[in-house]
Amino acid sequence: MNENDISENRKFEHISVLPREVLDLLIVKTGPMKVIDGTVGYGGHSSLILKKNAEAVLLGIDRDGEALAAAEKVLSFAMDRIHLVKDSFSNLAACAAGLGWHSVDAILLDLGVSSPQIDNPLRGFSYRLDCPLDMRMDVQSRETASRILNTYPYEDLERIFREYGEIQKSRKLADEIVRRRSEKEWTHTAELADLCNSIPGIVRRGGPPAPSLCFQALRIEVNRELEELKKALEDSVKLLAPGGRIAVISFHSLEDRIVKQYFRMMASYCLCPPGLPICMCGHRQSFKLIAKKPVVATEDETRENRRAAPAKLRVAEKI
Ligand SMILES: C[S@@+](CC[C@H](N)C(=O)[O-])C[C@H]1O[C@@H](n2cnc3c(N)ncnc32)[C@H](O)[C@@H]1O
């Protein structure tokens, strides 16, 4: 692995975050290894992995058919070492079993959406562009942001904005959405961004802009992102071989909290409440934490790639 490989990564439409850190902490084995990239996206991290270990074979999963087609081109230099599958990473164990893999040496999850997804006006992820309220990572799935806004009961909308967007005035926002849909269906992103901006004090001062939090909340619901992550973590712990590692890059506190708590739980040898004279829980320690604190981007990386600023990388090793 050399400087050229890392800088070549920057010519892709999507610049992979924390590339060096992912390689240093995840790909620690030499010789043959099985790797799952559960969010292969535009193939940036996968390409670096396959270059660092010339004997690695990689299963790349993504929900987005467009991303997979791009990854296939980027990874064509290692065609005989890759398997690309359109699926959700919550099915990573089944995807691996499909190849006859019953244990693997490394798993990567680089969560969220890629730059091409955000920048494509047809996908509806950006509140800065006026586009259809879609937000599906898999364009063949049923749920869309507009369907949620037009059909979910007030209580569910309010909970989504409060829990997934951490929006202070979630009741007011849900109320306005329900009121307006009785006059006209929600169809476009700009209308929703305008509504968010029109509610004073909707989010904390100094935090991210209101539309960004509202869109984050809807995107999480459309794509069931938190459920996906929990299931993938549970399957990963079973699938990793002893000494195998999992690396997860998250971009907001809800995801990071899930990863942090799950890794901590798996790195504990007992989950009994304090004070019990003997262990009753039957829990077994499965992970060793590779770093106690999350790894974050350097100032240099953040300067070159704004998306890297909120990224947090956590790594654990199966024992
Ligand atoms: C941040 S991008 C990954 C970029 C990639 N690491 C790279 O360097 O090119 C995230 C990708 O994960 C995919 N994705 C997000 N959640 C997913 C899930 N639950 N199952 C499968 N793919 C998912 C998205 O479609 C997107 O292509």
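Two strands are taken to pair if DSSP finds at least two bridges between them, and it is in this sense that the bridge partners of the present model, which is a predicted one, are described. In β2, the bridge partner of methionine 33 is alanine 56, and isoleucine 36 has leucine 59 of β2 as its bridge partner. These contacts belong to the pairing of β1 with β2, which is parallel and extends over five bridges.

Strand β1, which comprises residues 33-37, has four buried residues out of five, so the strand is largely enclosed by the rest of the structure. Strand β1 also pairs with strand β4 (residues 104-110), again in the parallel sense, and here three bridges are found. Within this second pairing, aspartate 37 stands opposite leucine 108 of β4.

Strand β2 is likewise mostly covered, with six of its seven residues buried. Besides pairing with β1, β2 is joined to β3 by five bridges, and β2 and β3 run parallel. Two of the residue pairs can be named: leucine 58 has isoleucine 82 of β3 as its bridge partner, and aspartate 62 is partnered by lysine 86, also in β3. Together with α4, the strands β2 and β3 make a β-α-β unit, which is right-handed.

These pairings form part of an open sheet of seven strands, arranged in the order β3-β2-β1-β4-β5-β7-β6, in which the pairing is mixed. The edges of the sheet are β3 (82-86) and β6 (287-289), each of which pairs on one side only. From one strand to the next, the twist averages 20 degrees.

Helix α4, the helix of the unit formed with β2 and β3, spans residues 65-74 and contains glutamate 72. Glutamate 72 has 15 C-beta neighbours inside 10 Å and therefore counts as partly exposed, a class that lies between the limit of 20 or more for buried residues and that of 12 or fewer for exposed ones. Glutamate 72 and aspartate 37 are separated by 35 residues in sequence, and their C-alpha atoms are 13 Å apart in space.

With regard to the ligand, 21 residues surround it, and the closest are Ser16, Thr39, Gly41, Gly44 and Asp110. The elements that contribute two or more residues to this shell are α3 (44-52) and β2 (56-62). When the shell is divided by class, ten of its residues are polar, six are nonpolar and five are charged.

Most residues other than glycine have a negative phi. Leucine 18, although it is not a glycine, has a positive phi of about 45 degrees. Leucine 18 is located in the loop between α1 (3-8) and α2, and it is classed as buried because 23 other C-beta atoms lie within 10 Å. Methionine 135 is another residue other than glycine with a positive phi, in this case near 70 degrees. The loop between α6 (115-119) and α7 (145-151) holds methionine 135, which is buried, with 25 other C-beta atoms within 10 Å.

Proline 19 is found in helix α2, which covers residues 19-26. Proline 19 is buried, since 23 other C-beta atoms are within 10 Å. Along the chain, proline 19 and glutamate 301 are 282 residues apart, whereas their C-alpha atoms are separated by 9.7 Å.

At the level of the whole protein chain, the domain assignment gives domain 1, which consists of the segments 3-116 and 225-318, and domain 2, which consists of residues 139-222. The C-alpha centres of domain 1 and domain 2 lie 30 Å apart.

Definitions and conventions
Residues are numbered from 1 along each chain as its sequence is written. This is a predicted model: local features need pLDDT of at least 70, side-chain atom pairs count only at pLDDT 80 or more; totals for chains, interfaces and linings use all residues. A residue is near a molecule or strand if its C-beta atom, placed from the backbone, lies within 6 Å of it. Ala, Val, Leu, Ile, Met, Phe, Trp, Tyr, Cys and Pro count as nonpolar, Asp, Glu, Lys and Arg as charged, and the others, Gly among them, as polar. Domain bounds come from an automatic or database domain assignment. Axes are lines fitted to C-alpha atoms, for helices over the stretch in contact, and angles run from 0 to 180 degrees between N-to-C directions. A crossover is right-handed if, with the strands pointing away from the viewer, the path from the first strand over the helix to the second runs clockwise.
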